[in-house]
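Colleague: Please put the model up, and I will ask about a few of its residues.

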Amino acid sequence: CEDLAEGNEYIRQLQQKSAANKEAIQREARNAYYMKNYPDWFASVGKNMIKKPDGTFMVVDDAELQKLKDENKVGLEYATTMGGRVMDLTQKPILVLRE
């Protein structure tokens, strides 16, 4: 990256910022992929994807989902893009497990 900046301080700062955000951007892209491709498939077999607080996903059946809802342990989260600055309305809301 240093060579690509060719001594330009602004480019070097942008590269550092991009490197710092790399993990968050990858996580955002992975979650977008999961939420666009899997929930409908799981719904067709009576299962539901729920995002856990650590960012991973779990799959529960309809009865277990209802139990979690009754205990107020499940909420909705709306997907975001651009580093969390913009709500992604192309995706459905995500079921999220509350701690």
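Colleague: Is Asn72 buried or exposed, and at what relative accessible area?
Modeller: This is a predicted model, where local features need pLDDT of at least 70, side-chain atom pairs count only at pLDDT 80 or more, and totals for chains, interfaces and linings use all residues. Residues are numbered from 1 along each chain as its sequence is written, and side-chain values use heavy atoms, without hydrogens and water. Buried means under 20% relative accessible area, exposed over 50%, and partly exposed in between, with a 1.4 Å probe and protein chains only. Asn72 is exposed, at 53%.

Colleague: What is the phi of Asn72?
Modeller: Most residues other than glycine have a negative phi. Asn72 is not a glycine, yet its phi is positive, at about 60°.

Colleague: Where does Asn72 lie?
Modeller: Helices (H or I, at least four residues) and strands (E, at least two) are DSSP runs, numbered from the N terminus. Asn72 lies in the loop between helix H4 (62-70) and strand E3 (74-77).

Colleague: How accessible is Asn21?
Modeller: Asn21 belongs to helix H2. Asn21 counts as partly exposed, with a relative accessibility of 35%.

Colleague: Which residues of H2 are buried?
Modeller: H2 covers residues 9-37. The buried ones are Arg12, Gln15, Asn31, Ala32 and Met35.

Methods:
Expected span 1.5 Å × (residues − 1).
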